[in-house]
Amino acid sequence: MKHFRWIICLLAVFALVAASCGGNDDDDSGSGTPDAAPTAAPDDSMDDDMDDEMDDSMDDDMDDETDDSMDDDMDDEMDDSMDDDMDDSDAEPVATEEPEVDPCANVDLEATDIGITEDTISVLVMADIGSPLSLGLFQGSIDGINAWADHVNAEGGLACRQIEVIEHDSAINPTETTNGFLTACEDAFAMVGTTALFALNTSDLQTCTDAHGNDIGVPDFAYITTEPPHQCSVVTFATSRPNSECPFDGSGNRAVQSQVGHVQWLQENAEPNLNGVYLVPSDLPSTIASTMPQLRSFQEIGVVIDGEPGISGYTTQSEYGAFIQVMRDTNSNFAYTGSNDESMIKWRSEAEAQGFDAEGVIWMCQLACYTPKFLEAGDVVEGTYVWIWFLPFDEVDQNQELADFMEAIDNPFPAAWAAGSWAGGVLFEQVVNSIVAEGGPNAVTRQAVLDGARSLTSFDVNGWWSPADYSTTQNIMPCFMLMQVQNNEFVRAYPTERGELDCNPDNVISMSRDWGAEFGG
């Protein structure tokens, strides 16, 4: 059932007044004191003089009092005026809200392209679910897109229209994958959440015509792209970035970027001198080529690789005994699987069966181990480190997009690919909303969507994921967070602050090699 589940994690290795016042200093005015009369014997002349002087003095006093009173009144008025001015300057400005413009008001909606009518936008989600090799493999991707569409429709729709979802099962089959591309070309406006392992030929996807007869292809907002033709498709925008150079014909050197922040953290906080075994999923050439850059990037930062054996979904638990023996012989203190949860469970179970001292080893896995099934293995996986590039599902209080996803998916622990396909839906939604904001709901065409997606240099699923650059296929998502299994729970180990990712540019290493030739088996 789980033969191909591990492939997802490999390919997934893959921002927030001055006021002044002044016043004038005014001088108070007043009259001077009258001169004293000379001493002399009293007579009429003196009486007259005294009367005159008294009258003059009284007049002067009255004038003085009047002047003083007026000065006081003026001072009071000026003080009151200044106080009022200062109060006015301290007052909060009254906010005037711009009325929200409804882009759907007074608009006659049109059928602007294939898959878009006056009322609906049709999207196609294609995933490998019906193969007997692994029934229901990527059902989570189908579930994620249906949940996203229901959420958007409940919020009023997209471009003034409701989203309709078309489902297609690619069945881990190249022919059915091509049929999915053809169905999207004819019936859907865009593909969203594509999770197909065998996209070996994308010529139809890239060249099908729009409503105006232009051979521009159909926008494809995929989750994973395993094969170079899909990774390098000019109409494909995968939320798990290819982190590889395009164009690429499938052979020779290829420039890539690799995430090493999680291992650097181990070197700084757990064990500076790591040496150990790295298990390489080797069923397909594409999985080998996708895995080897990470393995070699570990060596670039000083990890000694004691062995790099290939494994498949058919590798039995007892066959993991050989890897345990290599670890014994080389005194390994590090064990990393590039495969899935089943691989790590088998490895650790066999270590326990053989009495191997697992306590002295740092066990590490990536996104494909972030599953309920991994925890169901119990004590055998205790202490295992798991790293991912988005906030974990239990931190809904830290991010609204994550909260919306968890409410819509209605599953306490959904499949990781449900999160990946939802992210593809949000990417498509953001591009369409930008087109509507600039040109209105009738400006939405396949060409406009392709142009908008190609110009995005930073998209982080509204703060839930590590930011990604869609103007190139080569740049990897720089952020990560690390969890550890403790008492049958995934516990945040680093960064310790909830809602945080480590986005240090030093987390990324660039290399160029012939990755298909790197694997020795």
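Is C160 buried or exposed, and what is its relative accessible area? In the predicted model, C160 has a relative accessible area of 18%, and because buried means under 20%, the residue counts as buried. Its disulfide partner is C104, with the two sulfur atoms 2.0 Å apart. C104 is partly exposed, at a relative accessible area of 33%. The torsion about the S-S bond of C104 and C160 is about -95 degrees, so this disulfide is left-handed. C104 belongs to the loop between α2 (44–90) and β1, whereas C160 belongs to the loop between α3 and β2; the pair therefore ties together parts that are 56 residues apart in sequence.

The protein chain comprises 521 residues, 50% of which count as buried. Its secondary structure consists of 15 helices and 14 strands. The accessible surface amounts to about 24000 Å², and carbon and sulfur atoms account for 46% of this area.

Five disulfides were found in a search of the whole structure. When the bonded cysteines of the protein chain are numbered in sequence order, they pair as 1-2, 3-4, 5-6, 7-8, 9-10. The link of C185 and C208 is left-handed, with -80 degrees about the S-S bond. C185 is located in helix α4 (residues 174–187) and C208 in the loop between α5 (203–207) and β4 (220–221), so that parts 23 residues apart in sequence are tied together. Both C185 and C208 are buried.

A further disulfide joins C232 to C246, with an S to S distance of 2.0 Å. The link of C232 and C246 is likewise left-handed, at -80 degrees about the S-S bond. C232 and C246, 14 residues apart, are each found in the loop between α6 (228–231) and β5 (254–259). C232 is buried, with a relative accessible area of 17%, while C246, at 26% relative accessibility, counts as partly exposed.

The buried residues of α3 are G140, S141, I142, G144, I145, A147, W148, A149, V152 and N153. These residues pack against the strands β1 (120–127), β2 (162–169) and β3 (190–192), and against the helices α12 (400–409) and α13. The helix is followed by G156, which has a positive phi near 120 degrees.

Within α3, I142 has a relative accessibility of 2% and therefore counts as buried. Apart from neighbours within four places in sequence, I142 contacts V125, A127, I129 and E167. The C-alpha atoms of I142 and G193 are separated by 7.6 Å, although the two residues are 51 residues apart along the chain.

The largest nonpolar core contains 136 residues, and those with the most contacts inside it are W347, F428 and W464. Helix α13 (residues 416–439) supplies the largest share of this core, 13 residues. Excluding residues up to four places away in sequence, W347 touches V277, L279, Y320, F323, I324, M327, A335, Y336, T337 and W363. In soluble globular proteins, nonpolar side chains tend to be buried together.

Conventions: Residues are numbered from 1 along each chain as its sequence is written. This is a predicted model: local features need pLDDT of at least 70, side-chain atom pairs count only at pLDDT 80 or more; totals for chains, interfaces and linings use all residues. Side-chain values use heavy atoms; hydrogens and water are left out. Helices (H or I, at least four residues) and strands (E, at least two) are DSSP runs, numbered from the N terminus. Buried means under 20% relative accessible area, exposed over 50%, partly exposed in between (1.4 Å probe, protein chains only). Accessible areas come from the Shrake-Rupley method with a 1.4 Å probe; for residues, only the protein chains shown count as cover. A nonpolar core is a set of buried Ala, Val, Leu, Ile, Met, Phe, Trp, Tyr and Cys residues joined through side-chain atoms within 4.5 Å. Contact means heavy atoms within 4.5 Å. A disulfide is a pair of cysteine sulfur atoms within 2.5 Å.
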